[in-house]
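Keep the sequence and the 3D view side by side as you read.

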Amino acid sequence: MTFESDKPQTICLHTGYRADPATKSVTVPIYQTTAYEFDSAQHAANLFDLTEMGNIYTRVMNPTCDVLEQRLAALEGGAAALCVSSGQAATAMALQNIAHTGDNIVSSTDLYGGSWNLLKNTFATLGIEVRFVDPTDPENFRRASDERTRAYYAETLPNPKLNVFPIAEVAKIGRELGIPLVMDNTAAPLICRPFDHGAAVVVYSATKYLGGHGTSVGGVIIDGGNFDWELYADRFPMLNQPDPSYHGAVWTEATKPMGPVAYIVKARVTLLRDMGMAMSPFNAFMFLQGLETLHLRMREHCSNAEAVAMYLLQHPDVERVIHPSLHDDPEQTRRAETYLSGGMGGLVGFELKGGRDAGARFIDAVEMLYHVANIGDARSLVIHPASSTHQQLTEEERLSAGVTPGYIRLSVGLEYIEDILRDIDNAISAACDVEQAA
Ligand code: PLP
């Protein structure tokens with residue numbers, strides 16, 4: 001028996017596990033095993049036939065991953081979850097689970113660069129067209145849809161612009177047309193629950209805030225259990241027609257006794273089985289450790305980021321500050337206030353008056369902040385996109401992505417706030433005093 005609660009603090013410590021039946025271990029053990037012994041030939045047949053639930057092989061399921069899956073599904077208010085090897089694997093699988101050659105996906109333009117590449121280039125090689133639309137007007141999603149559209153895709157809090165996505169508006173359009181909204185909630189765990197606003201599937205890079213320790217790469221797909229795949233049987237043949245890869249199973253039928261989990265069960269027993277992007281039990285254990293303090297960390301990330309944004313706002317060498325609380329456009333402010341609660345995330349952008357050169361000098365001058373291509377670590381992290389992650393783009397492409405020459409992205413960590421501000425202040429002086437002396 002595990003203690004039931006809908007509160008994140010309790011879910012992260014108790015959902016899905018009480019004590020190991022063999023050893024009474026209080027900590028979720030790392031079940032570092034490849035296979036699981038079957039009781040009998042009939043038992044094995046039942047497991048493969050999905051008439052009985054149980055462990056078969058760690059590429060497809062593992063008890064350590066299972067506890068993490070239960071905790072993440074409960075945290076999001078979803079029906080079930082699936083751990084995978086990275087955030088990229090989560091996005092790829094979440095969409096490939098319902099789209100194949102000839103289909104299309106409508107995606108927001110405001111995406112993490114890796115997701116952009118995956119959708120624009122790799123999906124194109126698979127014959128899946130991705131139509132990118134500006135989320136400023138949610139109706140752009142409707143305009144780009146047709147009968148082969150299988151999903152909408154977006155990030156809750158995409159950087160560098162930090163414009164919060166209009167989740168309910170786009171989810172509503174999708175539900176009118178029978179198209180599920182898949183949300184990447186990597187930058188906003190706990191402060192946003194996309195299912196509450198109508199999303200159908202949530203993906204995470206667990207690598208970031210969910211873990212928080214920066215030790216492990218992993219991802220998760222969470223099924224909201226709130227989308228009627230059967231109602232739109234023509235749009236989702238992969239869930240409603242016999243699947244030749246699983247002796248003709250019709251997923252919406254075969255999974256009925258398990259609840260509204262057709263989407264996630266299919267992902268596990270076909271895509272994960274075939275492509276093998278499994279999370280290792282060791283990484284699942286690491287994410288479970290991180291998850292225990294997620295609510296405390298998110299609170300601190302948010303309040304430290306807000307303090308940094310306010311500090312930068314009054315700095316004479318800072319041209320502009322990007323934070324969800326500081327948008328000029330009232331609609332962007334409304335979206336941030338509607339979809340984020342308990343804080344506005346740990347990301348802050350800012351632009352130094354000295355442009356690209358000052359930005360690069362700032363990066364070279366920080367002493368405590370880590371210069372890395374990552375977000376969501378307990379430590380504060382910094383990057384200057386124009387000279388690193390976005391270097392290969394044209395100036396025009398950089399600007400449309402929101403990366404101006406002097407733009408600096410901060411992932412504000414959990415250090416003592418005065419230390420964070422001191423490091424930033426010293427680095428700004430080092431970067432801008434050169435300009436003033438010249
Ligand atoms: N989604 C977002 C918003 C990200 O920032 C990242 C990585 O930076 C990913 C997905 C990909 O995650 P991973 O690095 O775990 O594959």
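Start with the second largest pocket, which has a volume of about 720 Å³. A pocket is an open set of points on a 1 Å grid over the protein atoms alone, where a 1.4 Å probe fits, with protein on both sides within 12 Å along at least five of seven lines. Volume is the space filled by probe spheres set on those points, which are joined across faces, edges and corners. This is a predicted model: local features need pLDDT of at least 70, side-chain atom pairs count only at pLDDT 80 or more, and totals for chains, interfaces and linings use all residues. Residues are numbered from 1 along each chain as its sequence is written, and side-chain values use heavy atoms, with hydrogens and water left out.

The second largest pocket has 29 lining residues, meaning residues with an atom within 4 Å of a point. Nearest its centre lie Met-53, Gly-54, Val-60, Met-61 and Arg-268. Two or more residues come from each of α2 (41-49), α3 (63-76), β1 (80-84) and α10 (262-275). Helices (H or I, at least four residues) and strands (E, at least two) are DSSP runs, numbered from the N terminus. By class, this lining holds 19 nonpolar, four polar and six charged residues. Here Ala, Val, Leu, Ile, Met, Phe, Trp, Tyr, Cys and Pro are nonpolar, Asp, Glu, Lys and Arg are charged, and the others, Gly among them, are polar.

Leu-50 sits in the loop between α2 and α3. Its phi is near 65°, a positive value in a residue other than glycine.

Now turn to the largest pocket, with about 1200 Å³ of space. It is lined by 43 residues, and Leu-111, Tyr-112, Gly-113, Gly-114 and His-390 are the closest to its centre. Helix α5 gives the most to this lining, six residues. The lining has 17 nonpolar, 19 polar and seven charged residues.

Which residues are around the ligand? Among them are Gly-87, Tyr-112, Asp-184 and Ser-205, each with a heavy atom within 4 Å of it. A backbone polar atom of Gly-87 is 2.9 Å from a ligand oxygen. The side chain of Asp-184 places an N or O atom 2.6 Å from a ligand nitrogen. Ser-205 has a polar side-chain atom 2.8 Å from a ligand oxygen. On its own the ligand has 390 Å² of accessible area, and the protein covers 88% of that (Shrake-Rupley method, 1.4 Å probe).

A cis peptide bond joins Asn-159 to Pro-160, with omega about 10°.

Definitions and conventions. Polar contact = N/O pair within 3.5 Å; in protein donor to acceptor, adjacent residues only side chain to side chain.
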